[in-house]
Amino acid sequence: MKNDNSTPMSAGEYDKKIANTIPYYEAFNEQTFDVIEQCNFEKIHWLDLGCGTGSLAQAAFDRFENCEFVLVDPAEKMLDIAREKMEGKKVHYYCTDSASIDFQNCFEVVTAIQSHHYMQKEERRKATENVFKALKAGGIYISFENVVSDDASIKSRELSRWGAYQQRHGKSKEESDAHLARCGTDYFPITVEEHMKLLIQTGFAHVHVFWYSYMQMGIYAIK
């Protein structure tokens, strides 16, 4: 049976199971908000790509007094859960992917948390160009992504270390092995250097890796 989103978890179980899959996932929102606070935006028009169940937006409304959200995800089931969480909030929803959006100079902030590694090279390039176009001048793009080393030995070691984390946090060896086997088959991580090169080639003025752990990276770019 085909899953209802791109992850190996159903939309309904995503919030419950993601923390035992990705190390320090609960820190991603805090790290993102900390970076945004340094920008001192008076009002934040915020586009969240691959928004999933809307957890980032839900937390952002508690952290920032003056923000409006556009939430984008290719999985309708994920958006259904986000709508429940955001009832009564000023949010617009689009069921599509980052490579298909068409916004021009609309947002101070664009985020993509664990979403673009599902894309092949050309689709990722298009998505990054769309992010650049969607941002206002001086706006910031923040992304957390799975990354991979181009050293095969390091890649193998890091996958093994990630699997050990998952098993310490409740997954069976079979479950963690199945998850790691998706790397390069169901999702397509690139290196840190490739991430930075893509952002610079797209036209971003400033690029910085601000967080790194296991095989996940936080990076921001300013237009």
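Glu 158 is partly exposed, at 22% relative accessibility (buried is under 20% relative accessible area, exposed over 50%, partly exposed in between, with a 1.4 Å probe and protein chains only). Arg 161 is partly exposed too, at 37%. Their side chains meet in a salt bridge, 3.0 Å from N to O. The term means a side-chain nitrogen of Lys or Arg within 4 Å of a carboxyl oxygen of Asp or Glu. Both residues belong to helix α6 (residues 152-168) and sit three residues apart, so about one helical turn separates them. Helices (H or I, at least four residues) and strands (E, at least two) are DSSP runs, numbered from the N terminus.

## About the model

The model is predicted: local features need pLDDT of at least 70, side-chain atom pairs count only at pLDDT 80 or more, and totals for chains, interfaces and linings use all residues. Residues are numbered from 1 along each chain as its sequence is written, and side-chain values use heavy atoms, leaving out hydrogens and water.

## Other salt bridges

The structure holds 13 salt bridges. Side chains of opposite charge can pair when their charged atoms come close.

Glu 108 pairs with Lys 136, with the closest N and O atoms 2.8 Å apart. Glu 108 lies in strand β4 (residues 107-113) and Lys 136 in strand β5 (residues 135-146), so this pair ties together parts that are 28 residues apart in sequence. Glu 108 is buried, at 11% relative accessible area. Lys 136 is partly exposed, at 27%.

Glu 76 forms a salt bridge with Arg 83, and their closest N and O atoms are 2.9 Å apart. Glu 76 is partly exposed at 37%, and Arg 83 is partly exposed at 34%.

## The second largest pocket

The second largest pocket has a volume of about 370 Å³. On a 1 Å grid over the protein atoms alone, a pocket is an open set of points where a 1.4 Å probe fits, with protein on both sides within 12 Å along at least five of seven lines; lining residues have an atom within 4 Å of a point. Volume is the space filled by probe spheres set on the points, which are joined across faces, edges and corners.

This pocket is lined by 14 residues, and the closest to its centre are Lys 121, Arg 124, Ile 190, Glu 194 and Leu 198. Helices α5 (121-134) and α8 (192-202) each supply at least two lining residues. α8 gives the most, with five. The lining divides into five nonpolar, two polar and seven charged residues. Here Ala, Val, Leu, Ile, Met, Phe, Trp, Tyr, Cys and Pro count as nonpolar, Asp, Glu, Lys and Arg as charged, and the others, Gly among them, as polar.
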